[in-house]
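Welcome! Here is a short tour of a protein model, one topic at a time. Keep the structure open beside you and look up each residue as you meet it.

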Amino acid sequence: MADAGGREDRLDLRRLLILVRQRLRGGRRRVRAAAFPVVVAAVAAGLSWAVAYYGLGHAQPFFAPVATWVCLGFSADREVRKVAELALGVALGVALGELVAYVFSTGVLQIMLVITLGALFARFVDRGPMLTIQAGVQGIVIVALPVAAVDGPAGRWTDALVGGTFALLVAILTPQDARRRARQLAAASLSDLSQMLGTLGKGLRDGDAERMRDALALGRSTQGTLDDWASVVRNALQSARISPAARRYLPELARLERASTLADRAMRNARVIARRGLTAVEQGARDERVSEAFEGLAVGASRLGDALSSGASTADAAQVLTLVTGELDPEDVEDPGWHLQTLVILMRSLTSDLLQASGLSAAEASHLLAR
């Protein structure tokens, strides 16, 4: 019993290490994506403070860097419209807060009043939710904190204008490619899928149940990246439809959105395959041919991710995946019988998803698999 308990602890530690490595991998991706935008926002916040302090002579220009950071944040997707909404919301909230605090002082009723006025006025000015939220938040900050009399009643509002102006300048002078983040997430998601499929192939070749469990752990840790991909590409499409400069990206963004949906479906199928594959291996299944099919799918997913990340043709990935379809006939599977046949049937569905993500229609993918 002691040996069994020790083995279970080791296996739990193994799965924990897989999840930790996956977390670290995702963390590195996020840091790489945020590093430059954060540095730019930090520089802009510092400069806005300097302008308010040295240029305007404000002793405590707190709201200048706050407004800049709130408007820019850590994301590279800085649309001028969204930055303008945030800048206006901050300035509006600070102005109303200053007015309420100057006329009525501070207190419970004053906080209620500034939220009500700020939110309703923001809804009148613009339909964007960020403007309304920031108007309320900044109004609360102004009313809840003592008035900075040293800079006058309008000092903090002027600081907010300075910070918002710097944020707008950054958004205007550093235009972003609407495809960039969606491409990065496409590569990351399909790399995760490729790694999972490769692990499944090795587990099935060696009859290693632990590798199958490793693959399932990998699959369960990837949903966040897939969700980010879907969200980012959806927002990029909405922005590109109203931005003349980004409208030329619409065809590629549509392709990335379609690929995002199909990659999510493929990953869900891969998790089901991992669970079924674990059962098959525990029943004694080992199959070289099906293992090679897994590895072919892993190569196809990896090449698809490379193509989507660079905007290149996905024909090479489609060709690799097409070759795999010839290995996915359930009738060709030998012992131990139905466990592996079920696995191959599920792999056909996953292959169809990847073929469609590479640009084929559903009918074309079905034809290849039927052939």
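Let us begin with Asp 208, which is partly exposed, with a relative accessible area of 24%. Asp 208 has a salt-bridge partner, Arg 211, and their closest N and O atoms are 4.0 Å apart. Please keep in mind that this is a predicted model.

**Salt bridges**

- The model has eleven salt bridges by the rule used here.
- Arg 211, the partner of Asp 208, is partly exposed too, with a relative accessible area of 29%.
- Arg 268 and Asp 264 form another salt bridge, at 2.8 Å from N to O.
- Both of these residues sit in helix H10, four residues apart, which is about one turn of the helix.
- Here is a general idea to go with that spacing: an α-helix has 3.6 residues a turn, so residues three or four places apart point the same way.
- Is Asp 264 buried or exposed? Asp 264 has a relative accessible area of 17%, so it counts as buried, the cut-off being under 20%.
- Arg 303 is partly exposed at 37% relative accessibility, and Asp 316 is partly exposed with a relative accessible area of 37%.

**Aromatic rings**

- The count of aromatic pairs comes to five.
- Why is the pair of Trp 49 and Tyr 53 called stacked? The ring centres are 4.6 Å apart and the planes meet at 10°, so the pair is stacked; the cut-off for stacking is planes under 30 degrees apart.
- Trp 49 and Tyr 53 both belong to helix H1 (residues 2–55), where they are four residues apart, about one turn of the helix.
- Tyr 53 also pairs with Tyr 54, this time edge-to-face, with 4.8 Å from centre to centre and 85° between the planes.
- Ring pairs therefore link Trp 49, Tyr 53 and Tyr 54 into a cluster.
- Trp 49 is partly exposed, with a relative accessible area of 34%, and Tyr 53 is partly exposed at 32%.
- Tyr 54 is exposed, with a relative accessible area of 63%.

**Nonpolar cores**

- The largest nonpolar core has 62 residues, and those that touch the most other members are Leu 193, Trp 229, Leu 253, Phe 294 and Leu 354.
- Several helices give two or more residues to this core, among them H7 (180–206), H9 (223–242), H10 (250–282) and H13 (338–357).
- Which helix gives the largest share of this core? The answer is H10, with 13 residues.
- A second, separate core has eleven residues, including Leu 72, Val 83, Leu 86 and Ala 167.

**A buried residue in a loop**

- Leu 328 lies in the loop between H12 and H13.
- With 1% relative accessibility, Leu 328 counts as buried.
- Leu 328 and Ile 345 are 17 residues apart in sequence, and their C-alpha atoms are 7.5 Å apart in space.
- Apart from its neighbours within four places in sequence, Leu 328 is in contact with Ala 293, Val 344, Met 347, Arg 348, Thr 351 and Leu 369.

**Helix H11 and what follows**

- H11 has 23 residues and reaches 33 Å from its first C-alpha to its last, close to the 33 Å expected at 1.5 Å a residue.
- Just after H11 comes Gly 311, which takes a positive phi of about 75°.

Methods. Residues are numbered from 1 along each chain as its sequence is written. This is a predicted model: local features need pLDDT of at least 70, side-chain atom pairs count only at pLDDT 80 or more; totals for chains, interfaces and linings use all residues. Side-chain values use heavy atoms; hydrogens and water are left out. Rings of Phe, Tyr and Trp (its six-membered ring) pair if their centres lie within 6.5 Å; planes under 30 degrees apart count as stacked, over 60 as edge-to-face and the rest as tilted. Buried means under 20% relative accessible area, exposed over 50%, partly exposed in between (1.4 Å probe, protein chains only). A nonpolar core is a set of buried Ala, Val, Leu, Ile, Met, Phe, Trp, Tyr and Cys residues joined through side-chain atoms within 4.5 Å. Contact means heavy atoms within 4.5 Å. A salt bridge is a side-chain nitrogen of Lys or Arg within 4 Å of a carboxyl oxygen of Asp or Glu. The expected span of a helix is 1.5 Å times one less than its number of residues.
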